[in-house]
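Try each one yourself before you read its solution.

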Amino acid sequence: MKVIGLTGGVGAGKSTVLAYIEKICSAVVIQADQAGHLVMAPGERCYEPVIALFGKQIIKKDKTIDRRMVSDVVFGDERMRQKLNALLHPAIREYILEKIGEERKKGKELVVVEAALLLEDHYDDFCDKIWWVYAEKEVRIARLMESRGYTREKAENIMIRQASDSFFRQHADFIVKNNGDLEETYRQVEEGIRKL
């Protein structure tokens, strides 16, 4: 079984690339963001610790954690962001490794792990290849403004906090340029799969 680690900055189009890999290869896709939601679900490993960190006011009527409220707090408080990451990141990594193990036992040929902080959290330790999805800054900003309703300022603030293009380029085994021509993006994905 091969494990591709897929990363890239916000708005680069990682979801587009993931969806195409899943379609053409029947790959198992594991997204760190979704794993983060799962580990904070009621009864899961981070549910109680996150409530202890932020207080009971983050519990919604359905007993789930109000992720938007948590996001609003950490966006303005670096210390709380670091505390949350210290809780979530080890649990997310553990969840992903368990899932990879399950898929290996099932005989799956390809697993793709997608995470914005893939390299920073050292997921490259268990990935066979690192793919970086790249898009130009202005393309990314336009996508974020259109798809998520972000202001230009919010998009730029998020981008500033992420790793630089040179950092990604230095660690990537394969680069998918995703500036808007989908046919070209798909051609590159197919080339990357062939190289595996």
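**Exercise 1.** Are α2 and α5 roughly parallel or roughly perpendicular to each other?

*Solution.* Keep in mind that you're looking at a predicted model. Start with the axes: those of α2 and α5 come within 9 Å and cross at roughly 105°. Angles of 65 to 115 degrees count as roughly perpendicular, so α2 and α5 are roughly perpendicular to each other. Next, look at who touches whom. From α2 come Ala32, Ala35, Gly36, Leu38 and Val39, and from α5 come Leu88, Ala91, Ile92, Tyr95 and Ile96. Sort these residues of the α2 and α5 contact by class and you get nine nonpolar, one polar and no charged.

**Exercise 2.** Work out how α3 runs relative to α5, and which residues make the contact.

*Solution.* First, find the helices: α3 covers residues 47–54 and α5 covers residues 78–105. Their axes come within 10 Å and cross at roughly 165°. Anything over 145 degrees counts as roughly antiparallel, so that's what α3 is to α5. The crossing of α3 past α5 is right-handed. On the α3 side, the contact uses Pro49, Val50, Leu53 and Phe54, while α5 brings Met80, Lys83, Leu84, Leu87 and Leu88. Count the classes in this α3 and α5 contact: eight nonpolar, no polar and one charged.

**Exercise 3.** Describe the packing of α1 against α9.

*Solution.* Here α9 spans residues 182–195, and the two helices pack at about 55° with their axes 10 Å apart. That angle makes α1 oblique to α9. As for handedness, α1 and α9 cross in a right-handed way. Now the partners: Thr16, Val17, Tyr20, Ile21, Ile24 and Cys25 of α1 meet Leu182, Thr185, Tyr186, Val189, Glu190 and Ile193 of α9. Split by class, the α1 and α9 contact has nine nonpolar, two polar and one charged.

Definitions and conventions. Residues numbered from 1 in each chain as written. Predicted model: local features only at pLDDT ≥ 70, side-chain atom pairs only at ≥ 80, totals over all residues. Heavy atoms only, no water. Axes fitted to C-alpha atoms, helices over the stretch in contact; angles between N-to-C directions. Helix = DSSP H or I, 4+ residues; strand = E, 2+ residues; numbered from the N terminus. Parallel < 35°, antiparallel > 145°, perpendicular 65-115°, else oblique. Left-handed = near helix turned anticlockwise from the far one by under 90°. Contact = heavy atoms within 4.5 Å. Nonpolar A, V, L, I, M, F, W, Y, C, P; charged D, E, K, R; others polar.
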